[in-house]
Amino acid sequence: MEKKLKVAALRDGTVIDHIPSDKLFKVVQILHLDTCLNQITLANNLESKKIGSKGLVKIAERALAENETNKLALICPDAKINIIRDFEVIEKRPLFLPDEIVEIVQCANPKCITNHQPVQTRFDVIRDEEKVRLKCRYCEREISREEVKIK
Amino acid sequence: MNNSLVSITDYSKEEILSILDSARDFELNPDRKTLDGRVIATLFFEPSTRTRLSFETAVMRLGGSIIGFSDAATSSSSKGETLNDTIHMVSSYADVIVMRHPLEGAARFAAEISPVPVINAGDGANQHPSQTLLDLYSIFKTQGTLENLNICLVGDLKYGRTVHSLIMAMSHFNPTFKFIAPEELKMPEEYKIFCKKHNISFSESTELTDNFNDADILYMTRVQRERFQDLMEYERVKNVYTLKNDMLYNTRKNLKILHPLPRVTEIDPDVDANEKAYYFQQAKNGLYVRQAIVSKVLGVQ
C-alpha cells in the first residue's frame with residue numbers, strides 16, 4: 001500500500017497553487033512567511049500537468065489581502081490564489097501587477113542611492129504593449145521584468 | 001511635491017517657458033533684494049565648482065545668504081551620517097536645498113523627505129535640470145524661439161547626461177535632431193524610441209565634417225577616452241569629433257555652438273573668436289536661469 005503524505009485540507013485560509021518550483025521560496029520571502037505565526041504548509045517540486053513542476057503554499061486562518069497577493073504578480077503571474085472558508089473556495093483571486101512595487105525589487109544600478117543608503121526601493125510599472133518594464137523612482141533607470149532581482 | 005526640481009521632466013512645457021521668461025527678466029536686472037533674509041543651502045557631496053559658484057552667485061545677487069559644503073569629505077557624511085539625517089538637519093536651517101551628489105536618485109530621495117524644496121544640481125549620471133534649462137534659454141535667446149529647430153548633437157551621446165536631458169526638454173517644441181557620434185558612443189536605443197514615440201524626426205551619422213550645414217544649434221560634448229572599451233577605436237576617432245573653425249564656413253548664419261563645459265579638445269580654440277561660438281555666454285546664462293529657478297521654487301515674485 002502506498003504511503004502518501006496527507007496535506008490536510010484547509011478549513012479557512014489561503015492557498016497559493018501553481019507556483020513555478022524555482023519561485024517557491026521567493027514567494028515565501030515576499031509574503032514574509034518566515035515571521036507569520038499561522039499554520040503554514042509548503043510543498044515544492046510537485047508534478048504539475050500545467051507547468052511541469054510546481055510548488056504550493058497553504059496559510060491557515062488568514063486571507064491574504066489583494067495588495068499582498070498582487071506582489072506575487074511580478075514573479076509568478078500564473079499562480080492561482082484561492083481563498084478558503086469552511087472548506088469551500090469562496091474566492092479565486094486573479095493576480096494583477098500593481099502600478100508601483102515597493103521594497104521587493106532591488107535596483108540593478110550599482111550607483112543608485114537605494115544601494116548605498118537606507119532607502120526603500122520603489123519601482124513604477126511601465127506597461128509598453130506586451131512588455132513590462134520597471135522604472136526606479138530614484139535613479140530613473142529601467143529594467144525588464146526578466147532582469148528583476150528580488151531583494 | 002513641495003516645488004522641488006529634481007528632473008527636467010518635473011516641469012511641464014508651460015513651467016519651462018515661465019522659467020525662460022523669468023530668466024530673461026533676471027538678465028535685464030540680476031541684482032535685486034528679493035531673496036533678502038532667505039538662506040539657501042548648497043550641499044555639494046561631490047565638488048563641482050562651476051555649478052556651485054553659479055548657484056551661489058545667483059542667490060547672492062538676489063540678496064540671499066548661502067550655507068553649505070563643497071565636498072563630502074568636509075561634511076557629516078564622512079562621519080557616517082545618512083543622507084536622510086543630513087537633509088533633515090539642513091532643512092531646519094535653510095529655506096531651499098541645492099544638492100549635488102555622486103549617486104543617482106539622491107536628489108529624488110532628498111526631495112521626498114525634505115520639508116523644504118530641493119533643487120538637483122546633478123545626481124550621478126542621471127539629471128542636471130538647471131543645465132538643461134540654461135541650454136534651453138541659450139537656444140531661445142539665440143534663435144528667438146524653441147520651435148521647429150534643427151539641432152545637431154555631437155560627441156558622447158551614449159553617456160552624455162546633458163544630451164539626454166536636452167532631448168527630453170526639447171520634445172515639447174517639435175525639433176529635428178541629428179546625432180553625430182562614434183559607433184561606440186552612439187545615441188542609446190531608448191532615446192531613439194523616445195523620439196519615435198513623440199514624432200520627433202532624427203538622423204544619425206558618424207561624421208562631423210560638413211554634416212551640420214543646416215543646423216540651427218550645434219551641441220558639442222566631449223568624447224572621453226575612459227568611455228571606450230576599445231582604446232584603439234578611441235585613438236582612431238578622437239579627432240573626428242573636434243570642431244575647427246574651417247568647418248563653419250557653410251553653416252547657417254544663425255548657427256550657435258553650445259557646449260556644457262569644461263571644454264577640452266573637442267572645440268579648437270580657433271573657434272572661440274567666431275561669432276557662432278556661444279559656449280561662454282551659455283555658461284553666463286546659467287546665472288539668470290538659476291535665479292529664475294530659485295525664485296520659482298521659493299515662490300518669490
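This is a predicted model: local features need pLDDT of at least 70, side-chain atom pairs count only at pLDDT 80 or more; totals for chains, interfaces and linings use all residues.
Biologist: Which helix of chain B is the place of B:P129 in?

Modeller: Residues are numbered from 1 along each chain as its sequence is written, while chains are lettered from A and ligands numbered from 1 in the order in which they are written. Helices are DSSP runs (H or I, at least four residues; strands are E, at least two) numbered from the N terminus. B:P129 lies in residues 129-143 of chain B, which form helix α5.

Biologist: Does B:P129 count as buried or exposed?

Modeller: A residue is buried if 20 or more other C-beta atoms, placed from the backbone, lie within 10 Å of its own, exposed if 12 or fewer, and partly exposed in between. B:P129 has 25 C-beta neighbours inside 10 Å, so B:P129 counts as buried.

Biologist: Leaving aside its neighbours within four places in sequence, which residues is B:P129 in contact with?

Modeller: Contact asks that two C-beta atoms, placed from the backbone, lie within 7 Å. With neighbours within four places in sequence left aside, the partners of B:P129 are B:L5, B:S7, B:I8 and B:N120.

Biologist: Which element gives the largest share of the side of chain B that touches chain A?

Modeller: Here 12 residues of chain B meet 14 residues of chain A. Both α3 (83-91) and α4 (106-113) of chain B supply at least two residues of that side. The largest share, 3 residues, comes from α4(B).
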